[in-house]
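Trainee: Could you take me through this structure, one question at a time?

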Amino acid sequence: MEFLQLRCFVTVAEMLHFGKAAQHLEMLPASLGRQIRLLEERLGVRLLSRTTRNVALTEAGSILLPEALEIISRVERLETRLRDHKNQKAVALRIGAIDSAAAGLLPQLLPQFRDFHPEIVVQLIEQKTIRLLPKILSGHLDIAIVRPPETPDRGLEFHPLFHETAVVACPEGHALAEYEEVDVQQLADQPLIVPDRKSRPHSHDLSMQLFIEAGLSARVVQIAEEKQTIVNLVGRGMGIAIVPRWASRLGVDGVRFVPLRMPESPIRNKLALAACWMRDTKDPARDAFMELLMRNIGTIAETA
């Protein structure tokens, strides 16, 4: 006997109506009738007495019904136990990432991580560093890819990764778009779009410090909070912006990203990336993620 046939029989026996039973099982009446016939042929007995108006159990059907109910009940209990067992084994890893890492680093790593650790369910949150760090401290995140702060909280541990490459986002057709590489001197007097310092201190300071160290004044025409917004404004011709190279993965039309020649100074650290987690905590899922990240760190860093 097949389980589907038993379920069909029990549903018809309880409702004593083929149409309602088929609707309940989300089957066509003809398919339901076929399953009942196959069961009767298998057992060699008539289970249901059918007329144009009524459906009734035969004597054999009355014998089978309580046994079939018990079989179905046992199967459903077994399914529940197995699902619960699977859910107990499933492990969640809550990862936070700043926008450039979410666009550049994680897409290269997460497919491999899923292949190696299918039992770990990854939950991803994309936010700014200043919003991710409190989530680590409050226990709402297990690990985050962030810009390391100048004054780190003692409750957090930071593992340095690498530095992203700075590029200049400029509109297609702009004079700078024709260059293979530019330096800050060529950005003098260009309308500049910069991030809000309160929400993105690293990116803001990178843009401003470049001009200060070169003895230039930045001509800021617009301040925006989100990197996606900044790149979109560039595409609209409102100005240029200094952004991480991974911002080119945001998929904004009408924007060319030109490498920026950086001076040999500590300003390079403004685009540093680090993995961060709660100090003195153990987490096998987090360790598995970090192991895979460090195994691929060279390849990933080359694209940053």
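Trainee: Which residue has its backbone oxygen 3.3 Å from a polar atom of the side chain of Arg-147?

Mentor: This is a predicted model, in which local features need pLDDT of at least 70 and side-chain atom pairs count only at pLDDT 80 or more, while totals for chains, interfaces and linings use all residues. Residues are numbered from 1 along each chain as its sequence is written, and side-chain values use heavy atoms, with hydrogens and water left out. Arg-147 sits in the loop between strand E5 (143-146) and strand E6 (156-163), and the backbone oxygen that lies 3.3 Å from a polar atom of its side chain belongs to Ala-272.

Trainee: Is Arg-147 buried or exposed?

Mentor: Its side chain is joined to that of Glu-164 by a polar contact of 2.7 Å, a term for a pair of N or O atoms within 3.5 Å, where within protein one must be able to donate a hydrogen and the other to accept it, and where residues adjacent in sequence count only if both atoms are side-chain atoms. Buried means under 20% relative accessible area and exposed over 50%, with partly exposed in between (1.4 Å probe, protein chains only). Because the relative accessibility of Arg-147 is 3%, this residue counts as buried.

Trainee: What is the phi of Asp-280, roughly?

Mentor: Most residues other than glycine have a negative phi. Asp-280, in the loop between strand E12 (272-278) and H10, is exposed, with a relative accessible area of 76%. Its phi is positive although the residue is not glycine, with a value near 60°.

How values were computed. Helices (H or I, at least four residues) and strands (E, at least two) are DSSP runs, numbered from the N terminus.
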